Amino acid sequence: MKTAPINQLRQIEQTAQQVNQQFQTTLNNLDSSNASSQAQLKQTLQSAYATFQKQTNLISQENLTALKRIQTEQGQNNQRLSQLSDQVNQAIQETLAQVANQVEQQLQTTKKRFSWYEIKNYLLAVIPTGILTGLIFWLLTKYFG
């Protein structure tokens with residue numbers, strides 16, 4: 001990826017040097033005023049311009065191709081990221097649903113345990129107290145009644 005811009009810069013430098021040399025030749029030839037020299041100057045200028053335009057167009061096309069490729073890859077990456085985001089969100093939702101279900105089950109189990117625990121404790125507290133109270137009342141009525 002780094003070599004393409006370096007090659008392009010080298011091509012631009014070479015083309016600029018060629019154009020500069022041709023323009024320098026043209027400037028040097030401006031001193032002569034004969035007709036053949038003018039035709040040669042015109043041809044040199046046209047050749048330099050054509051070379052410069054050709055090289056500029058070539059580099060522009062390469063840059064456009066590279067930009068289109070980058071844009072396509074970026075679109076594909078965005079699509080992949082969107083799919084990954086959807087998958088992650090789905091996995092998170094499923095995990096949260098599982099956790100909520102497990103918590104609900106644990107709460108229900110704990111609630112049932114407390115219910116049986118409360119009933120057992122109530123019965124353990126009420127039955128002996130009832131028996132003891134009944135015994136006291138029976139003794140009171142038997143001896144004091």
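# Close-up views of a predicted model

By the distance rule for side-chain nitrogen and carboxyl oxygen, the count in this chain comes to one salt bridge. The model is predicted.

**Figure 1. Overview of the protein chain with its two helices.** The protein chain has two helices and zero strands. It holds 145 residues, and buried residues make up 7% of them. The accessible surface of the protein chain comes to about 12,600 Å². Carbon and sulfur atoms account for 59% of that surface.

**Figure 2. The salt bridge between Arg-69 and Glu-73.** Which two side chains meet in a salt bridge? They are those of Arg-69 and Glu-73, at 3.9 Å from N to O. Both residues belong to helix H2, and because they are four residues apart there, about one helical turn separates them. Arg-69 has a relative accessibility of 39%, so it counts as partly exposed. Glu-73 is also partly exposed, with a relative accessible area of 39%.

**Figure 3. Ala-48 and its contacts.** Ala-48 is found in helix H2. Is Ala-48 buried or exposed? Its relative accessibility is 1%, so Ala-48 counts as buried, the limit for buried being under 20%. Apart from neighbours within four places in sequence, Ala-48 is in contact with Val-19 and Gln-22. Ala-16 is 32 residues away from Ala-48 along the chain, and the C-alpha atoms of these two residues are separated by 9.4 Å.

**Figure 4. Gln-55 and its contacts.** Which residues does Gln-55 contact, leaving aside its neighbours within four places in sequence? The contacts of Gln-55 are Gln-11 and Thr-15.

**Figure 5. A nonpolar surface patch of about 1,000 Å².** The patch is made by Leu-132, Leu-135, Ile-136, Phe-137, Trp-138, Leu-139, Leu-140, Tyr-143 and Phe-144. One of these residues, Ile-136, lies in helix H2. Why does Ile-136 count as partly exposed? Its relative accessible area is 44%, and partly exposed residues fall between the 20% limit for buried and the 50% limit for exposed.

Technical notes: Residues are numbered from 1 along each chain as its sequence is written. This is a predicted model: local features need pLDDT of at least 70, side-chain atom pairs count only at pLDDT 80 or more; totals for chains, interfaces and linings use all residues. Side-chain values use heavy atoms; hydrogens and water are left out. Contact means heavy atoms within 4.5 Å. Patches are made of residues with over 30% relative accessible area and no salt bridge: like charges are joined within 9 Å, nonpolar side chains (Val, Leu, Ile, Met, Phe, Trp, Tyr) within 5 Å. Accessible areas come from the Shrake-Rupley method with a 1.4 Å probe; for residues, only the protein chains shown count as cover. A salt bridge is a side-chain nitrogen of Lys or Arg within 4 Å of a carboxyl oxygen of Asp or Glu. Buried means under 20% relative accessible area, exposed over 50%, partly exposed in between (1.4 Å probe, protein chains only).
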